[in-house]
Amino acid sequence: MNRIKALIMKDFFTARNSVKSLLISYTIFLFVLFMMKNYFQRLNDLPDNILIIIAIILFVSMGLLFITTGFMRYIFQESAIGKEEIYFAYGYGVGELCFGKALFFTVLSLVIPYILVLLFFSGLLKTPFFLFNILLILPILFLLISYLVIFLTWFTKLGTAVYFVMFFGVFFLISKVVKKIIKMKLKMNLTTIISIELGIILILFIISYLITKLIKKENLIEKLS
Amino acid sequence: MLVVKNLKKNFGSKKVLKGVDFKAEKGKITVLCGPNGAGKTTLIRIILKLMKYDEGEVSLSTDFNKIGFIFHKDILFSDITLKENLLFFTKVKRKNINKEIFDKYLNLFNLKNDLNTKLSKYSSGMKRKAELLRVILEEPEFMILDEPTANLDPLVKIEIRELLKKLNSEKNITIFMTSHNLDEVEKIGDKILILNNGKIAWTGDKKILEEEKLELEEKFLEIVRGGKNE
């Protein structure tokens, strides 16, 4: 835990020192959202429609992915110069390293979606399902996706290719699902939706766990050096 | 104390270490030299448990948390300041920065005015000094240094060499280091090892060289050109 705290502190310093580029990403995203204010307010009037809420959550996730693009720069840099060896030498394990970085990404990336929620969907804050998704499902999902992306980007030598496929793949999927939900007004009950969400989380968790268990840092050093 | 016995390491069909044997005694400076590709960095990686080995034994009596190391490449992060780097590395080692040591070496290395500067703006010499400052603040009992003076100008090389000697004599820190600079090896090493063809080809010290009326450079060339092993 101490090492993860130290890692988050270090990444925070890095982010703070690159505050300009970070602010640019945040500003662009907020600007886009402001332009779409009326559209969001229309959605805000539909607090009881679970699928609309899902659409909102997914839209928020797109913001999250956008912001994270900025953070991935650190991973590319550290991966390119072989910094994993230093982390390993200081006792970090593969899982610990990816988890620490993913946690940092998640915390910082969630700032914008939470501002967005407060600005545009304040009415929905009274809906338990919306809160459940925003406060629990979204951070966990994002943490797991980030974990996988960081792992694959850093340790498979596929680098940016993995990043683009994973992140923009998810981005594309989300857009498709949002469109479908809004167009078709599918009817699904709450239990089914929560089961699907938890199922996705479980699958991602198992994949992350297996990857971390199967790959040892000594083998990675040999492979990457 | 560090003891390495019959250490073997292959990368595919390439045999990098073919049975390395040596000891680095407590309180001494042991310097390993050898030509490029001799396996010095691989050996350091194995000692630091960053790489598996195929055969042999590596035993280090010092607690892993009390080992300070410098790699051939920079360890400190270039996108944050020296102060932030030091905070991170001491926190990982579960230590607080010792103010007295910090002030002393910050002044000695002349880095006080650059404490809040990103490492990317440091010169090579400043970066190496910063690396040493990091290691010193970790208050190690054993230092493992992979070419700590590589690519530095002569003045910084001398400063770092003197500092390492001082740390060894005043704080009784055991040092195991690699170097390409034979003059440096001869001046700093209590014990000198020459690694050639994946084996320790020669073990000695200044006294032995004096007895043999040889300079280290001559001994080194004799071994490397002749392909001799002990």
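Is B:Asp114 buried, exposed or partly exposed, and what is its relative accessibility? Here are some friendly notes to read beside the model.

1. **Ground rules.** This is a predicted model, where local features need pLDDT of at least 70, side-chain atom pairs count only at pLDDT 80 or more, and totals for chains, interfaces and linings use all residues. Residues are numbered from 1 along each chain as its sequence is written, chains are lettered from A and ligands numbered from 1 in the order in which they are written, and side-chain values use heavy atoms, with hydrogens and water left out.

2. **The opening residue.** B:Asp114 counts as partly exposed, at 21% relative accessibility. For these labels, buried means under 20% relative accessible area, exposed means over 50%, and partly exposed lies in between (1.4 Å probe, protein chains only). Look for B:Asp114 in the loop between helix H3 (99–108) and helix H4 (124–137) of chain B. Helices (H or I, at least four residues) and strands (E, at least two) are DSSP runs, numbered from the N terminus. Leaving aside residues up to four places away in sequence, B:Asp114 touches B:Leu82, B:Tyr122 and B:Met126, where contact means heavy atoms within 4.5 Å. B:Lys83 is 31 residues from B:Asp114 in sequence, with 9.0 Å between their C-alpha atoms.

3. **An enclosed helix.** Helix H1 (residues 40–47) of chain B is largely enclosed by the rest of the structure, because seven of its eight residues are buried. Among the buried ones are B:Lys40, B:Leu43 and B:Arg45. Just after H1(B), B:Lys49 takes a positive phi of about 60°.

4. **Where the chains meet.** The contact takes 30 residues from chain B and 29 residues from chain A. About 2700 Å² is buried between the two chains, and carbon and sulfur atoms give 62% of that; buried area here is the accessible area (1.4 Å probe) that two parts lose on being put together, summed over both. There are three salt bridges between chain B and chain A, each a side-chain nitrogen of Lys or Arg within 4 Å of a carboxyl oxygen of Asp or Glu. B:Arg45, from the buried part of H1(B), meets A:Glu85 in a salt bridge (2.5 Å, N to O). Strand S1 (2–11) and helix H2 (82–92) of chain B are the elements giving two or more residues to the side of chain B that touches chain A. H2(B) gives the most, with six residues.
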